[in-house]
Amino acid sequence: MSIPIWISFLVFIVVMVALDLGVFHRKTTVITIRSALVWSTFWIALALVFNVLVYLLYENNYSWASLATEHLNGKQAASQYLMGYVLEKSLSLDNIFVIAMVFSYFRVPMAMQHRVLFWGILGAVILRGVMIAVGVALINRFDWVTYLFGAFLFYSAVRMLMLRHENVEPGDNVLVRLARKWLPVTDRFHDHHFLVRVNGKLMATPLLLALLLVESSDVIFAVDSIPAIFAVTRDPFIIFSSNVFAILGLRSLYFVLAAYMQKFRYLKHSLVFILAYVGVKMILTNHYDIPDGASMGIITGILLVGILASLRGADKDPVPLRSPLE
């Protein structure tokens, strides 16, 4: 993709993020489910509208300067963008479970959670940009990296299946321990501030520890999701743009699902199978190219099975489910 288009896309994202925090969510208020639904719908609609732009750009050969190994027409580019978006959105759902656990552990008030998510997701965009650039360079130079990524995705699927979030202790996180070592931590929140001065002494608030945990959790999930999208496409613009739109909508999606996420007990199993399938696709990519339409159907089908099974199981559960935000 040509440099002006890259710059235009980055400027657009910066403007949207600035409007989100500086205009629409400037005040520290509780995000209602209705507001979160509206914003989730907005980000999903914006991602789909952008897919039309992707089609037009590639169909009119604006991708002449792309770092991709092959030229894509409009239909191929739009298909890969949509599948990459759905894949990243699906895998990010597990991150929502971890974020809820972090907020519950530190007892972060609902009114302050938006600020943590905003800065956490902004950091995630920058981090993934760096990881995508490194991944593209590796795959374009060494074909065998696809086998390594595929095997790693299998390992990630097994790890996700074995790991139980409730057994994870946020206080043992390396970044949290380092922060507590170098900075004293206040025993209460100070509005939306991450750092405060108490009696002239600089101190961290529990909000900063929550932010560090959100950032570190995204590092872990990015290690899974970035290799996964290379099974879909190797075009850096498609990879980055689909990732960005999936991440930017994560914050509002969190507030939609947070109160109900215990009902989605089988969703994690769907993500395990999605990772395993993507690992197979990546290992086979140099020998047999699974059509994008088939992959989209498989990924969507696995996700829907997990959602439907969770809803059915929740209906049969006689025990009231407690929100992790209570």
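This note goes through the predicted model point by point, from the overall fold to single residues.

1. Basis of the note. Because the model is predicted, local features are given only where pLDDT is at least 70 and side-chain atom pairs count only at pLDDT 80 or more, whereas totals for chains, interfaces and linings use all residues. Residues are numbered from 1 along each chain as its sequence is written, and side-chain values use heavy atoms, with hydrogens and water left out.

2. Overall make-up. The secondary structure comes to eleven helices and two strands, where helices (H or I, at least four residues) and strands (E, at least two) are DSSP runs numbered from the N terminus. Along the sequence, the elements follow the pattern α-α-α-α-α-α-β-β-α-α-α-α-α. Of the 326 residues in the chain, 50% count as buried; here buried means under 20% relative accessible area, exposed over 50%, and partly exposed in between, with a 1.4 Å probe and protein chains only.

3. Packing of H2 and H3. Two packed helices are described by the angle between their axes and the distance between the axes. Helix H2 (residues 33-59) packs against helix H3 (residues 74-106) at an angle of about 155°, and their axes are 7 Å apart; the axes are lines fitted to C-alpha atoms, for helices over the stretch in contact, and angles run from 0 to 180 degrees between N-to-C directions. H2 and H3 are therefore roughly antiparallel to each other, since angles under 35 degrees count as roughly parallel, over 145 as roughly antiparallel, 65 to 115 as roughly perpendicular and the rest as oblique. H2 passes H3 in a right-handed crossing, a crossing being right-handed if the near helix is turned clockwise from the far one by less than a right angle, and left-handed if anticlockwise.

4. The salt bridge. Side chains of opposite charge can pair when their charged atoms come close. With a salt bridge taken as a side-chain nitrogen of Lys or Arg within 4 Å of a carboxyl oxygen of Asp or Glu, the count comes to one salt bridge. Glu88 forms a salt bridge with Arg128, and the closest N and O atoms are 3.3 Å apart. Glu88 lies in helix H3 and Arg128 in helix H4, so the pair ties together parts that are 40 residues apart in sequence. Both Glu88 and Arg128 are buried.

5. A nonpolar surface patch. Ile126, Val130, Val134, Leu138, Phe142, Trp144, Tyr147 and Leu148 form a nonpolar patch on the surface, and together they have about 750 Å² of accessible area. Helix H4 (110-141) and helix H5 (145-162) are the elements that give two or more residues to the patch, and H4 provides the largest share, four residues. Patches are made of residues with over 30% relative accessible area and no salt bridge, like charges being joined within 9 Å and nonpolar side chains (Val, Leu, Ile, Met, Phe, Trp, Tyr) within 5 Å; accessible areas come from the Shrake-Rupley method with a 1.4 Å probe, and for residues only the protein chains shown count as cover. Val134, in helix H4, counts as partly exposed at 45% relative accessibility.

6. Loop residues with positive phi. Arg107, in the loop between H3 and H4, has a positive phi of about 55° although it is not a glycine, and Arg107 is exposed, with a relative accessible area of 68%. Asn199, in the loop between strand E1 (195-198) and strand E2 (201-204), also is not a glycine and has a positive phi of about 55°; Asn199 counts as exposed at 82% relative accessibility.
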